[in-house]
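Student: Hi! Could you walk me through this one, starting with the terms you rely on?

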Amino acid sequence: MKSKRLLLRPLLPLALLLPLTAACGASAAADGEAAGKKVTVTVGYQSKTINTVTAGTLLRSLGYFEEELKARGQKDGTTYKVEWQDYATGAPITAQMTAGKIDIGSMGDFPLLINAARGKELKQPTRLVAVTGYNLRGGLNTVVTAPGSPVRSLADLRGKRVSTSVGSAADGTLVRALQRAGIDADKDIQKLNQQPSVGASALAAGSADALSQFVAWPGQLAFEGRATALYDGAELNLPTFHGVTVREKFAKERAGVLDDFLRAQRRATDYLREQPVAAAESVAKETGLPAEVVYLYNGANGIATFDPELRPELIAALKEDVPVLKSAALVGDVDVDAFVDPAPLKRAVQAPAYPKAGAVKPELWLQGQPTTRTFDSPKELLKAAKGADVRAAYVPDALTGTLWFADKAVWVADGDELRAFVTAASAQRYVDGHAGARIIRYADAVGLAS
């Protein structure tokens, strides 16, 4: 059960306090206006929060939304233009939406609740109309430390400086994880409210002892050898997701345009699911992120599952997130049922539902290959990787299923079995409970698998 007594520092994300910048066309008139008119639709997105790509980076690069609007314009005589605005977090998107300057935006579950609360407060109500990517256990958020750090478990964070973005899903993961470890996030650590890039720099400089952030920061830092995973958010076993929010006024006045966006998002989701390597390469090109990191989250067995459906498990989790934000004085009461509006997606997309995701399998991406190979066990993956020209090898955590880089994982030999873990703490817990099991190096695991 999630506690309703969790505490966060009562700080608003810095981006909510920034002055609003100009945006175009968000207050255009309704669908079906006189021929010859020009309409600009403004979309706020987070290019480097890569489990939003089907409503942002990938969608933009594919041009599907523009295609849908061009077809609409050929029917109603209106010229439609899309203005894409890129942000590092969801908070500035909310600020622009509540000023009537962004029509459609994508952000994480905790920022979505702030979006709902701020929209109601400022009389610019918004609605949650779709999901982008989700993880039913919470694996999209991770706490990391610098390589070689003496911090080996959450208990070691007492008295330490931890960077996060207050009000983000990663902040929620941090608070909940600390509470389960018997640590008060308000009193027992020094929380640094920082943008992800600032926090990453603070970790590297030693001015932060740990960093709690959302996709893709933990994976990127680990891949580049700049961080080691301390806590896998999937240990909470609580769903986390990102979604699409729209200004209620825009949704009413331009219902057809919203339908076009949701159809385009579904098309982008189809593309990502059918061509995950190509999609990862595309997002990497647009963002500057390593394609191997993008694939960790967005691949065929990636940490994120992409599906626009407003799943009941996700909405239930959103309701349980409200007390966390209330305790931090970031929101008051939020009527989640009133905020969630499944009608536009049902109206716009008649395609069959996606099949439920199966068990995560180890996966190997070789240099120069447009596809990957999956394996039934970590040992088979390691056998195939030995001596191969490996671009990236991925293995699921033995307990949570969270995918991680095989060479960054913590390996355990247990008899003839080889098991991988995202964190040293979880590997040690496994060893403590299994006589004869031992932690080994990645190179040793490869040797034992041969």
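Tutor: Happy to. Buried means under 20% relative accessible area, exposed means over 50%, and partly exposed lies in between (1.4 Å probe, protein chains only). This is a predicted model, where local features need pLDDT of at least 70 and side-chain atom pairs count only at pLDDT 80 or more, while totals for chains, interfaces and linings use all residues. Residues are numbered from 1 along each chain as its sequence is written, and side-chain values use heavy atoms, with hydrogens and water left out.

Student: Thanks! Is Thr-371 buried or exposed?

Tutor: Thr-371 counts as exposed because its relative accessibility is 52%. It is found in the loop between β12 (363-366) and β13 (373-374). Helices (H or I, at least four residues) and strands (E, at least two) are DSSP runs, numbered from the N terminus.

Student: And what is Thr-371 in contact with, leaving aside neighbours within four places in sequence?

Tutor: Val-277 and Trp-365, leaving those neighbours aside; contact means heavy atoms within 4.5 Å. Thr-371 also lies 8.4 Å from Pro-276, C-alpha to C-alpha, although 95 residues separate them in sequence.

Student: Let's zoom out. How many helices and strands are there in the protein chain?

Tutor: The protein chain has 17 helices and 18 strands. Its radius of gyration is 22 Å, close to the 22 Å that the globule rule gives for 450 residues, so it is as compact as a globular protein of that length. That radius is taken over C-alpha atoms, and the rule is 2.2 Å times the number of residues to the power 0.38. Of the 450 residues, 58% count as buried.

Student: Which residues touch the most other members in the largest nonpolar core?

Tutor: Ile-50, Phe-65, Ile-104, Phe-261, Tyr-297 and Trp-411 do, in a core of 77 residues. Helix α9 (residues 255-274) gives the largest share, eight residues. A nonpolar core here is a set of buried Ala, Val, Leu, Ile, Met, Phe, Trp, Tyr and Cys residues joined through side-chain atoms within 4.5 Å. There is also a second, separate core of 31 residues, which includes Met-97, Tyr-134, Val-324 and Phe-339.

Student: What does Phe-65 touch?

Tutor: Not counting residues up to four places away in sequence, its contacts include Val-41, Val-43, Trp-84, Phe-261 and Ala-264.

Student: New topic: in what order do β16, β17 and β18 sit in their sheet?

Tutor: The order is β17-β16-β18, in an open sheet with antiparallel pairing. Two strands pair if DSSP finds at least two bridges between them. The edge strands, β17 (417-421) and β18 (438-440), each pair on one side only. Five bridges join β16 (residues 410-414) to β17, and Ala-413 has Leu-418 in β17 as its bridge partner.

Student: Which helix packs on that sheet?

Tutor: Helix α16 (residues 424-432), which touches β16, β17 and β18, and its direction makes about 10 degrees with that of β16. Axes are lines fitted to C-alpha atoms, for helices over the stretch in contact, and angles run from 0 to 180 degrees between N-to-C directions.

Student: What about α17? Which of its residues are buried?

Tutor: In α17 (residues 442-449), Ala-445, Val-446 and Ala-449 are buried. Seen down the axis, they fall within an arc of 100 degrees, so they line one face of the helix; the arc is that of the directions from the helix axis to the C-beta atoms. Their cover includes α15 (378-385), β16, β17 and β18.
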